[in-house]
Amino acid sequence: MGLADITLLLAAGLAAGTVNAVAGGGSLITFPALIAVGLPPVPANVSNSVSVFPGYVASVAGSRADLPRGRWLWALLPTTVAGTMVGCLLLLATPARAFELVVPFLVLGATAVLAFQDPLRRLVGHPADLPPRRRTVTVQAMVAVGAVYGGYFGAALGVMLVAGLALVLDTTLARVSAVKNLLSAVVGLTTLVVFALFGPVDWSAVAVVAPATLVGGYAGARLVRRLPSVVLRTLIVVFGTVIGLYLLWRALR
């Protein structure tokens, strides 16, 4: 890689780490950048998944004060690991075309869920009114679906997790975002292990992008703590809409 390639990857990593901490979708910055410096699509996707992991860890560090307390949170981690492994295996073993056509609608659907969170809560019931067992099963199902998606593709994982969790957790959006950061970090660690063992990772590109996502992830998480809920929700909805429409355009072109 030349100096121009390194500069491009550093800028992409910094921006992606910040975006992932705030809303999700940072992979739509780093993935095209990796393609632009010459990586084929599959190695670029795999290398991207490995590269963004430090940014997720930094986001957890930056938002740790907002993480809810309780064993229920840690009970989500095995589900996250299992779902991510399923997604990784799907990526390595199956054609991507069919999933690429579904992904935009998943992202746009998740964005709509977050945008219309209050009317949907009135329709399906406020999380505070749900029976504990039903709430637990619903949260686990949301996390499982998000983890499979994160292992397979990953772009806009944060949007999907925030949308699903905000619908079933009775807490502030900042706390939901902190949970999203933790689960995203677990998804990132799992993909790192699986792809490091079985995937075509370009480690030179990872060495450039990963440190930049670390800086951006911490800065983005600190920013989230200072944003009012309505501003944070608006940012995530805007990011999710743009990402979903971009993915739809890319899938149909």
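**Contacts, core and surface**

Author: Ala 144 touches Thr 79 and Gly 83, leaving aside residues up to four places away in sequence; contact means heavy atoms within 4.5 Å. This is a predicted model, in which local features need pLDDT of at least 70, side-chain atom pairs count only at pLDDT 80 or more, and totals for chains, interfaces and linings use all residues. Residues are numbered from 1 along each chain as its sequence is written, and side-chain values use heavy atoms, with hydrogens and water left out.

Reader: Which helix holds Ala 144?

Author: Ala 144 lies in helix α8, residues 132–152. Helices are DSSP runs (H or I, at least four residues), numbered from the N terminus.

Reader: Turning to the core, which residues touch the most other members?

Author: In the largest nonpolar core, of 55 residues, these are Leu 114, Tyr 149, Leu 165, Leu 183 and Phe 195. The largest share of this core, 11 residues, comes from α10. A nonpolar core is a set of buried Ala, Val, Leu, Ile, Met, Phe, Trp, Tyr and Cys residues joined through side-chain atoms within 4.5 Å.

Reader: What does Leu 114 touch?

Author: Not counting residues up to four places away in sequence, Leu 114 touches several residues, including Val 162, Leu 173, Arg 233 and Ile 236.

Reader: And where is Val 193?

Author: Val 193 is in helix α10, and Val 193 is partly exposed, with a relative accessible area of 43%.

Conventions: Helices (H or I, at least four residues) and strands (E, at least two) are DSSP runs, numbered from the N terminus. Buried means under 20% relative accessible area, exposed over 50%, partly exposed in between (1.4 Å probe, protein chains only).
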